[in-house]
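Welcome, and thanks for taking a look at this one. Here is a short briefing to read beside the model.

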Amino acid sequence: MTATSVLDADLRRPASTPGHTSEVRDWTRLAAVLLARIYRTFVLGLVVVATAPVAFGWGSYVVRSGSMEPSIAVGDVVVAKPWTEDQRVRVGRVFVYDAPAATSPHLMVHRIVELRDDGDYTTAGDANELTDVAPLPSRDIRATAVLLVPHVGLPVTWFQTGQWLRLAAWLLLTAAAFALATRRLEGEPPRWRLLRLVRDRFSPRPPRGGPSGPGGTATGPPPRNGVRRSRTPLLAVASLVVVGTLASTAGAGFTGHTRNSGSAWTAGFWTQPYVTEVLNDQPFGLWLLDETSGQYASDRSGNDRTGQYYGHLALGTPGALPRNPGTAVSNAGGRVVLGTQPVVAPSAYSIELWFRTTSTSSSHLAGFEDDRDDNWRGATADRIVTMTPSGHITFGAWKNGGLPLTTAASYNDGAWHHLVVTSTSSRFSTVYVDGVRVVSGTSSYVDTYPGYWRVGQGSTGNQNGFTASFTGDLDNVAIYHSTLSASRVAAHWAAR
Amino acid sequence: MKSPGQKTTQALAVVATPLALVALGASVYQASYAAFTGQTRNSGNEWATGSVKLTDDDNGAARFRVANMLPGDTQTRCITVTADASVPSTVKGYAINPVTSTAKLEDRVKVTIESGNGGSFADCTGFTAVGAPHVSDAPLSSIAQVNTFETGFGGWAVPTGVSSKTYRMTWKFDTTGMSQAQIDAMQGAKTGIDMQWEMQSN
């Protein structure tokens with residue numbers, strides 16, 4: 001019986017299978033044709049929506065790149081209304097514009113994100129982290145984006161970027177789908193009158209008796225002819241390709257930028273106008289105090305009166321003169337003795353220096369003394385400039401009951417000051433601060449003896465048993481064995 | 001299973017085309033609405049996968065801050081620019097915000113810009129130049145004319161992914177051919193410039 005069963009099975013199968021396969025085939029065919037028709041309608045509809053506005057003078061732009069993602073993807077078509085100067089630009093909307101500052105003109109689709117102060121606009125791609133660098137002047141705006149037709153421009157981008165495989169695959173698929181869509185379904189009247197007209201034109205057969213009415217009561221299906229049928233979809237696809245090649249494109253390029261800001265170059269000062277002015281007055285010595293190390297202070301006057309640094313002081317602090325490079329001495333209990341050999345005290349002389357201090361104790365700025373020590377209380381000393389605890393400058397306080405000249409103003413304000421004290425052989429002395437005479441008159445009697453000019457520390461009076469030092473910065477010391485005129489002092493100040 | 005009847009077929013055929021048109025309309029409307037009615041663009045960290053990023057390693061510091069520059073002075077420094085591109089792009093450098101001086105100091109600060117590998121903002125050690133210099137002994141005033149992406153120097157083709165390039169910049173204060181009076185007239189003058197690198201997708 002086994003054989004019978006097998007036989008039964010064999011018998012049953014041929015009986016049932018043909019019916020079953022034909023059902024599946026019918027359904028498959030129906031689904032395929034319907035899907036193809038939906039696809040055809042969809043594609044043609046997209047093409048119509050994307051291109052029809054051109055007839056009204058609008059523009060259609062295939063988007064080439066993806067900086068507007070996710071709202072606009074590569075291959076979408078932007079339908080845009082022409083923009084004229086009298087229209088308002090709404091910040092936040094998407095516009096088509098000529099890429100600014102581009103040597104090769106091309107169109108861009110980006111969003112306007114800001115109206116700038118100068119009337120231009122700032123644009124940005126939605127997918128760009130930063131806004132575009134070049135501002136967009138309103139005259140470069142071409143159109144306002146109105147409609148977005150998705151995907152329909154993809155074949156154009158494939159064509160332009162040379163993605164031939166994709167393009168060919170799409171063309172084949174579309175041609176096949178269009179061919180399939182023209183298949184008549186069972187019981188369906190022929191309805192595509194225009195297509196049939198076109199078909200009939202290209203048909204080798206003589207045209208039929210005329211198109212049937214819209215209701216369609218055609219007399220039976222037309223004979224199936226694969227060659228003839230394939231022409232319509234081919235034509236449709238060909239016209240799509242033509243439309244595609246006519247399409248204009250607009251880029252939505254990605255941009256990013258980075259910046260290194262604030263590089264600056266400031267030329268220094270290499271001439272020393274102050275030095276030139278001082279040397280014009282033939283100083284006894286000029287010590288710029290520009291050394292940054294060592295114990296000797298060179299004499300710029302050419303008289304070879306090398307000075308020497310003693311005690312607690314720091315070299316190389318920022319100098320006093322803005323247009324004359326050089327450093328200063330920060331003094332805290334040290335001194336500079338100006339010259340290694342004693343000289344005879346001059347009868348007419350001038351003392352010039354720059355100081356900066358906030359000190360509130362008695363200070364010794366400069367003076368003449370018969371020794372180089374720090375605290376020789378029996379020293380013979382005069383021609384001494386001191387500062388009072390309140391910051392007033394005093395000249396002539398070296399004799400008991402002498403004739404001191406004291407400035408009305410105080411100068412311990414932490415700023416650099418230019419101090420010049422001049423004295424004639426008849427002891428008429430003048431104190432200049434910052435180029436201007438502040439006090440003058442006959443000052444105390446002076447002795448004649450060999451000694452040293454010194455700054456920063458020394459006796460405050462002739463054999464009075466007291467010494468003081470200056471706490472602060474000192475710079476550019478000059479000594480003259482002559483009396484500087486007010487105009488020369490002003491010239492020195494002006495050359496600072 | 002039955003084969004589709006004539007009625008079913010007809011009904012489906014009639015429905016198919018309007019269905020497609022409705023879908024078409026909906027998709028165009030949806031896409032247009034999403035793209036063209038939004039008033040703001042993405043912000044924060046939601047950048048699309050396609051975005052490009054260009055950064056440098058200056059941490060906000062100016063590359064050159066030269067004070068008290070004297071004739072003949074020179075200095076060489078580096079800066080590394082890193083591109084993170086999801087699409088092939090081009091990076092170019094150019095100058096913005098030039099600061100001019102009445103003494104024309106910008107004509108006398110001459111700059112050479114090379115690019116290559118190695119080195120960083122902090123330290124140029126290890127830099128090796130690739131190719132010819134982008135500019136050679138060009139005064140700042142002429143570099144200031146290169147102020148757009150289109151005219152920018154470099155043209156560094158960035159492939160997809162992260163890549164870096166180091167730019168080595170050398171300046172010198174060149175007073176060759178000037179009289180001492182002309183040189184002295186430049187004392188205290190100040191000039192400056194900002195450098196910008198821009199990346200655009202190809």
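Of the 202 residues in chain B, 31% are buried (a residue is buried if 20 or more other C-beta atoms, placed from the backbone, lie within 10 Å of its own, exposed if 12 or fewer, and partly exposed in between). Please keep in mind that this is a predicted model, in which local features need pLDDT of at least 70, side-chain atom pairs count only at pLDDT 80 or more, and totals for chains, interfaces and linings use all residues. Residues are numbered from 1 along each chain as its sequence is written, while chains are lettered from A and ligands numbered from 1 in the order in which they are written.

**Chain B**

- Chain B has 3 helices and 10 strands, taken as DSSP runs numbered from the N terminus (helices are H or I, at least four residues; strands are E, at least two).
- Along the sequence, the pattern of chain B reads α-β-β-β-β-β-β-β-α-β-β-α-β.
- Among contacts in chain B with a separation of 6 or more, 82% are between residues 24 or more positions apart (a contact means C-beta atoms, placed from the backbone, within 7 Å).

**Where the chains meet**

- On the chain B side, 75 residues are in contact with 68 residues of chain A.
- Elements that each supply at least two residues to this side of chain B include α1 (6-36), β3 (74-85) and β10 (190-201).
- The most comes from α1(B), with 19 residues.
- By class, this side of chain B has 39 nonpolar, 24 polar and 12 charged residues (Ala, Val, Leu, Ile, Met, Phe, Trp, Tyr, Cys and Pro count as nonpolar, Asp, Glu, Lys and Arg as charged, and the others, Gly among them, as polar).
- Strand β8 (residues 255-267) of chain A runs antiparallel to β10(B), joined by 10 bridges; in one of them, Asn260(A) is partnered by Met195(B).

**A sheet in chain A**

- An open antiparallel sheet of 8 strands has the order β10-β11-β14-β23-β16-β17-β18-β19 (chain A) (strands pair if DSSP finds at least two bridges between them).
- β10 (296-297) and β19 (405-410) of chain A are at the edges with a single partner strand each, so one side of each has no neighbour in the sheet.
- Between β18 (residues 392-395) of chain A and β19(A) there are 3 bridges, and Thr394(A) has Thr406(A) as its bridge partner.

**Helix α8 of chain A**

- Arg488(A), Val489(A) and His492(A) are buried in α8 (residues 486-494) of chain A.
- These residues lie on the same side of α8(A) because they cover an arc of only 100 degrees around the axis (judged by the directions from the helix axis to the C-beta atoms).
- Exposed Ser487(A) and Ala494(A) are on the face of α8(A) turned away from its buried side.
- Packing against the buried residues of α8(A) are α7 (273-280), β15 (349-356), β20 (417-423) and β21 (428-433) of chain A.

Definitions and conventions:
Contact = placed C-beta atoms within 7 Å.
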